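Dear colleague,

I am passing on to you the structure shown below, and after it you will find a short account of what was found.

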Amino acid sequence: MIIGVDVDDVLANFTGALIPHLNEVYGTTRAYEEIHSMRLERVWKVHPENIKGHIHSFISSEAKTLRPYIEAFWPLVSLKNTGHEAHVVTSRPSFIKDDTINWVEKHFGGIFAKCHVTNQYGEGVRTTKPELCVTFSPH
């Protein structure tokens, strides 16, 4: 079976690292416990395009240094050892694909067969995670 695994907040502590960045940008003191949706423009009460630019800036500078969730490593190894094929499936923008692949290899090397970036929030051709995952299943 092919299993899709997200990067942000599954393999990497993305939101935990992003919150201090956005707090600095917007002069706020939001805490992790206040984030109940990834529609962060609603949390910070700003225009979606405004926050998108700040998130892209954060991704460009910080994606390589995100802390991995080491707790994810052994369950993924177990899945691989029992014959499953794990694929990274992330909605990150395509401009960060190489950095994403390098980060995954550094922290979870040898576990993932492929890395798919949907570019859901980037510029150009986009897809969603469900649309991408449907292509994994036999027709």
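Is the crossing of H1 and H3 left-handed or right-handed? The crossing of these two helices is right-handed, a crossing being right-handed if the near helix is turned clockwise from the far one by less than a right angle, and left-handed if anticlockwise. Helices here are DSSP runs of H or I with at least four residues, numbered from the N terminus.

Please keep in mind that this is a predicted model, in which local features need pLDDT of at least 70 and side-chain atom pairs count only at pLDDT 80 or more, while totals for chains, interfaces and linings use all residues. Residues are numbered from 1 along each chain as its sequence is written, and side-chain values use heavy atoms, with hydrogens and water left out.

In H1, residues including Phe14, Leu18 and Tyr26 take part in the contact with H3, where the partners include Ile51, Ile55 and Phe58 (contact means heavy atoms within 4.5 Å). By class, this contact has 10 nonpolar, three polar and no charged residues (Ala, Val, Leu, Ile, Met, Phe, Trp, Tyr, Cys and Pro count as nonpolar, Asp, Glu, Lys and Arg as charged, and the others, Gly among them, as polar).

The lining of the largest pocket receives the most from H3, with seven residues, and its residues divide into 10 nonpolar, four polar and nine charged. A pocket is an open set of points on a 1 Å grid over the protein atoms alone, where a 1.4 Å probe fits, with protein on both sides within 12 Å along at least five of seven lines, and lining residues have an atom within 4 Å of a point.

With best wishes
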